[in-house]
Amino acid sequence: MQADELKKIIEDGIPSAQVTVQGDGDHFEATIVSPEFEGRNKVQQHQIVYAALGDLMQGAVHALSFRTFTPEDWSKQL
């Protein structure tokens, strides 16, 4: 699994998301910004991401850390 493949999988699962992924093939770090996260707590936001990844977390993706943001929260990071 490469970072660009993982990025596409997340984007396909959360079509409204802006996704950046960095990694070396074994360990990945992602930032995911989506209006779909609005009104949801961090646990619920992460559940959306895990749903987009499906079974990949069981095999192809060994280590993934990610941060989720609503567009409003992301604008405060800049």
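A: β2 and β3 run parallel and are joined by seven bridges. The model is a predicted one.

On the other pairing, β2 (residues 27-33) runs antiparallel to β1, and six bridges link the two. Two of the facing pairs can be named here. Gln22 has Glu29 of β2 opposite it, and Gly23 has Phe28 of β2 as its bridge partner. Three residues lie between the strands in the hairpin of β1 and β2, where Gly25 adopts a positive phi near 100°.

Taken together, the three strands make an open sheet of mixed pairing, in the order β1-β2-β3. The edges are formed by β1 (18-23) and β3 (63-69); each has a single partner strand, so one side of each has no neighbour in the sheet. From one strand to the next, the twist averages 15°.

Helix α2 (residues 42-53) lies across β2 and β3 and runs at about 130° to β3.

In α1, the buried residues include Ala3, Leu6 and Ile10. These cover an arc of only 65° around the axis, so they are on the same side of α1. Asp4 and Asp12 are exposed, on the face of α1 that is turned away from its buried side. The partners against which the buried residues of α1 pack are β1, β2, α2 and β3.

The largest nonpolar core has 18 residues, of which Leu6, Ile14, Ile32 and Leu64 touch the most other members. At least two residues of this core come from each of α1, β1, β2, α2 and β3. The most is given by α2, with four residues. As a general rule, nonpolar side chains in soluble globular proteins tend to be buried together.

Apart from neighbours within four places in sequence, Leu64 is in contact with Leu6, Phe28, Glu29, Ala30, Leu53 and Met57.

Some figures for the whole protein give the setting of the sheet. There are three helices and three strands, and from the N terminus the elements follow the order α-β-β-α-β-α. Of the contacts with a separation of 6 or more, 52% are between residues 24 or more positions apart. Buried residues account for 33% of the 78 residues. A box of roughly 30 × 25 × 20 Å along the principal axes holds the C-alpha atoms. The radius of gyration is 12 Å, which agrees with the value near 12 Å for a compact globule of 78 residues.

Definitions and conventions. Residues are numbered from 1 along each chain as its sequence is written. This is a predicted model: local features need pLDDT of at least 70, side-chain atom pairs count only at pLDDT 80 or more; totals for chains, interfaces and linings use all residues. Side-chain values use heavy atoms; hydrogens and water are left out. Two strands pair if DSSP finds at least two bridges between them. Axes are lines fitted to C-alpha atoms, for helices over the stretch in contact, and angles run from 0 to 180 degrees between N-to-C directions. Contact means heavy atoms within 4.5 Å. Buried means under 20% relative accessible area, exposed over 50%, partly exposed in between (1.4 Å probe, protein chains only). The arc is that of the directions from the helix axis to the C-beta atoms. A nonpolar core is a set of buried Ala, Val, Leu, Ile, Met, Phe, Trp, Tyr and Cys residues joined through side-chain atoms within 4.5 Å. The radius of gyration is taken over C-alpha atoms; the globule rule is 2.2 Å times the number of residues to the power 0.38.
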